[in-house]
Amino acid sequence: MSINLSLKKGLDLSLEGEITDFSVKDVEVGLCAVTPDDFTGFIPKIEVREGDKVMVGSPLLHDKNNESVKITSPLAGTVKSVVRGERRKIERVVIESDGSASSLEFDKSRATTSDGLLELLSESGMMSRIRQRPYDIVPSPAVKPRDIFVTAIDSAPLAADMTIALKGKERELAAAVKALSSLTSGKVYIGRRAGSLSDIPGAEMVDVSGRHPAGNAGVLIANIAPVNKGEVVWTLDAVTLAKIGTLLETGRVDASALVAVTGSEIQKPCMVRTTEGAAVGQLIGGSIKSDGVHHRIISGNVLTGIAVGEDGFLRFPYRQITVIPEGDDVDEFMGWASMSPSKMSVSRSFPGHFLKRRFAPDARLNGGRRAMIMSGQFDKVMPMDILPEYLLKAIIGRDIDKMEQLGIYEVAPEDFALAEYVDTSKMELQKIVREGLDYLRKETE
């Protein structure tokens with residue numbers, strides 16, 4: 001019997017560029033990259049040099065604090081470059097394909113014990129795809145989670161149905177749930193849309209209804225079993241869960257990615273099957289509209305994604321590319337104050353608020369940054385039992401006691417993405433939350 005979770009708060013952005021044809025196109029890429037910044041809490045130490053030969057699953061980086069936790073190669077080929085930034089920070093490791101599909105084989109038989117399973121997940125790179133609350137970081141294998149939360153919903157703007165990537169993966173999902181259940185004294189919860197995913201033996205299924213952020217793991221946690229001080233839970237998406245099952249069944253890493261190529265500047269939004277960390281230019285080449293405007297190419301969705309450019313690479317969690325107008329070449333009468341019905345807004349002051357249509361917004365702020373306005377805007381889009389404005393003020397003031405009392409242990413930056421969108425003050429809320437979590441972790445551990 002499943003749990004029903006009906007969310008009243010949230011917001012779905014009505015954007016142009018939604019996928020209507022879900023047929024999948026296969027795209028083989030010659031380059032892919034691993035970006036350590038995608039794995040918060042992971043302090044990278046390089047294990048390869050330029051020119052080294054690697055297979056799918058070969059270790060590229062390990063965590064300085066937990067050497068057993070590794071990030072592995074998604075492609076078989078040669079290490080083309082190790083790109084470093086300021087103070088020799090590792091920006092990314094670029095792999096060039098050799099055209100083969102050679103894959104490192106792991107000893108799956110050791111997964112029969114908890115210690116062996118943790119070693120397998122760590123060495124194969126699967127542990128680096130899991131996140132820990134509090135702090136929203138790559139978890140330490142030494143800390144046992146109270147519960148594990150899996151989301152099979154991607155409710156972000158223009159995102160494709162996550163269950164498309166799970167078709168035919170029932171056996172792998174069941175194997176992964178059985179294995180992960182041995183790592184926790186609690187339950188494995190899986191959030192889904194009603195009827196979208198079959199019941200998985202050993203898991204507590206949660207039928208979630210409501211608008212974005214219904215697909216966020218933080219919403220599941222806050223409404224099912226909130227995280228208290230001293231407790232640890234793990235979160236992951238159902239695609240990663242299926243990949244863990246594939247590892248347990250075959251001993252090999254599944255580095256494929258099913259990517260939704262979306263956005264108002266894409267001629268025909270589509271689904272692409274490719275490799276994790278693929279070069280973006282090879283995925284969207286020729287599909288961007290030739291309308292003479294500057295484009296912002298985002299790896300991810302418009303709320304939480306990262307601008308990468310056409311020469312960039314697909315970033316974790318490798319599910320979506322969105323292309324929208326940049327907006328730096330727009331000469332609009334009255335600017336942000338324009339009353340044009342083509343302007344998307346949650347405010348009743350603009351005509352677009354009342355129109356039932358899809359919009360094509362650009363990347364402009366449409367206003368200036370200012371002091372925080374205590375308006376209650378955030379509460380309307382956050383289905384969590386916290387006081388977001390007061391929590392943000394506590395974070396900005398670095399008041400650890402208030403941060404703890406106001407629920408910082410159960411939030412992640414993505415939980416504030418919608419609040420950042422509706423924020424009249426144009427504050428970088430996700431950045432503020434990320435810095436607050438890092439500060440709290442540094443001061444308390």
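Analyst: A salt bridge here is a side-chain nitrogen of Lys or Arg within 4 Å of a carboxyl oxygen of Asp or Glu. This is a predicted model, where local features need pLDDT of at least 70, side-chain atom pairs count only at pLDDT 80 or more, and totals for chains, interfaces and linings use all residues. Residues are numbered from 1 along each chain as its sequence is written, and side-chain values use heavy atoms, with hydrogens and water left out.

User: Why is the contact of aspartate 38 with arginine 315 called a salt bridge?

Analyst: The closest N and O atoms of aspartate 38 and arginine 315 are 2.8 Å apart, and the limit is 4 Å, so the pair qualifies. Its two residues lie 277 residues apart.

User: What makes aspartate 38 count as buried?

Analyst: Buried means under 20% relative accessible area, exposed over 50%, and partly exposed in between (1.4 Å probe, protein chains only). Aspartate 38 has 11%, so it is buried. Arginine 315, at 16%, is buried because that value is also under 20%.

User: How do you know whether arginine 358 is buried, partly exposed or exposed?

Analyst: Its relative accessible area is 36%, so arginine 358 is partly exposed. Arginine 358 forms a salt bridge with glutamate 18, at 2.7 Å from N to O. Glutamate 18, at 39%, is partly exposed too.

Terms used: Helices (H or I, at least four residues) and strands (E, at least two) are DSSP runs, numbered from the N terminus.
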